[in-house]
Amino acid sequence: MLEGCLLCPRRCGATRTTADPGRCGSEEPLQSGLFRVASLMRHCWEEPCISGSDGSGAVFFSGCALGCCFCQNSSISHARQGITMTESELIEAIFKLHAQGVHNLNLVTASHYADRLPQLISRIKNDMRWQQRPIPIIWNSSGYETRESVIALANHVDVWPPDFKFFDQQLAKALADAPDYFSVASQAILTMHALQPKLILNEDGMVQHGLIIRHLVLPGHWRDSCRLLDYLAEHKLNDVLLSLMCQYTPQPGIGQPSANPELKRRLTTFEYRKVIDYALDLGFTRVLGQNRGSADAAYTPDFSSVWLNPEGRGTPER
Ligand code: SF4
């Protein structure tokens, strides 16, 4: 008899089959060794310390345990576009990406496969091809994952760049049907920080270990962004690399019904600047911002290496 899944904070208990898919959409049962993957690609639009000049080796998993209504990748996260792969098939696909010289292996939205990825990662690390050119492993998540999952992944993951999305319970309920988002994600992030307290970059400025906290500022909700920053500052995390994004792009049908009419528009410069200034006022020393044009070109975030600091607000450091 198939076991019901309690892997993520949804704890939906699904058997993850076609007849009983998880809230995340997964139809790959626990311990099946199966994955659904939308794409493997050289990703050139992550933060500069992740994408660098040669790109990040991104594996986009289909489905998502959080499932925000405004997701810019809904064909992957909601519609589960992709193909089902065995562990061995996925490993070979990853090595094709590895052979392209990417800077890291970037596992995108993989929380619903957290039970089987440690074994896959162990097999990769034992492979001669990896040992000849080991690269950091990045766990690129929504932040909505259990502390237990994070701890179970600790020996396998080098870099944690979680999203930190919502402070307010009602907002998280309205936009992701996850009123517990903040309580869950804040604990996950504190755990990640305890595991990797120091951000380590190599001589080329590429991240090797550590925590990068990402936040997408949403139109109409810049005050919620500030509450998240308050929390990080209260927990003395204002020395982490904070990536503040402005790339929000309204998706077709978003903002209907009228509960979130702001989501029908883009973020304004005023709103984005409010959040950046707030971060600087709180003493965040490493804030990475995006050029406002990032929201104009669909899904091509342009960080343009804009590093902000209290001494030179908005002045590129590098
Ligand atoms: S990982 Fe998917 S199937 Fe498992 S508890 Fe979460 S939503 Fe349900």
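Axes are lines fitted to C-alpha atoms, for helices over the stretch in contact, and angles run from 0 to 180 degrees between N-to-C directions. Helices (H or I, at least four residues) and strands (E, at least two) are DSSP runs, numbered from the N terminus. The model is predicted: local features need pLDDT of at least 70, side-chain atom pairs count only at pLDDT 80 or more, and totals for chains, interfaces and linings use all residues. Residues are numbered from 1 along each chain as its sequence is written, and side-chain values use heavy atoms, with hydrogens and water left out.

**Overall figures**

The protein has ten helices and eleven strands. Its mean pLDDT (the predictor's confidence in each residue, from 0 to 100) is 90, and 90% of the residues score at least 70. Residues 296-318 stay under 50 in pLDDT; for them the model has 60 contacts (heavy atoms within 4.5 Å) beyond four places in sequence. Of contacts between residues at least 6 apart in sequence, 69% join residues at least 24 apart.

**Helix pairs**

| Pair | Angle | Axis separation |
|---|---|---|
| H3 (residues 87-98) and H4 (residues 117-126) | about 50° | 11 Å |
| H9 (residues 222-234) and H10 (residues 269-281) | about 15° | 9 Å |

Angles under 35 degrees count as roughly parallel, over 145 as roughly antiparallel, 65 to 115 as roughly perpendicular and the rest as oblique. H3 is therefore oblique to H4, and H9 is roughly parallel to H10.

A crossing is left-handed if the near helix is turned anticlockwise from the far one by less than a right angle, and right-handed if clockwise. H3 passes H4 in a right-handed crossing. On the H3 side, Glu87, Ser88, Leu90, Ile91, Ile94 and Phe95 meet Gln119, Leu120, Arg123 and Ile124 of H4. By class, this contact has six nonpolar residues (Ala, Val, Leu, Ile, Met, Phe, Trp, Tyr, Cys and Pro), two charged (Asp, Glu, Lys and Arg) and two polar (the others, Gly among them).

The crossing of H9 with H10 is right-handed. Trp222, Ser225, Cys226, Arg227, Leu229 and Asp230 of H9 contact Phe270, Glu271, Lys274, Val275, Tyr278 and Ala279 of H10. That contact divides into seven nonpolar, one polar and four charged residues.

**Alanine 110**

Alanine 110 lies in the loop between strand E4 (105-108) and H4. Its relative accessible area is 1%, so alanine 110 is buried (buried means under 20%, exposed over 50%, partly exposed in between; 1.4 Å probe, protein chains only). Leaving out residues up to four places away in sequence, alanine 110 touches Phe61, Leu117 and Trp139.
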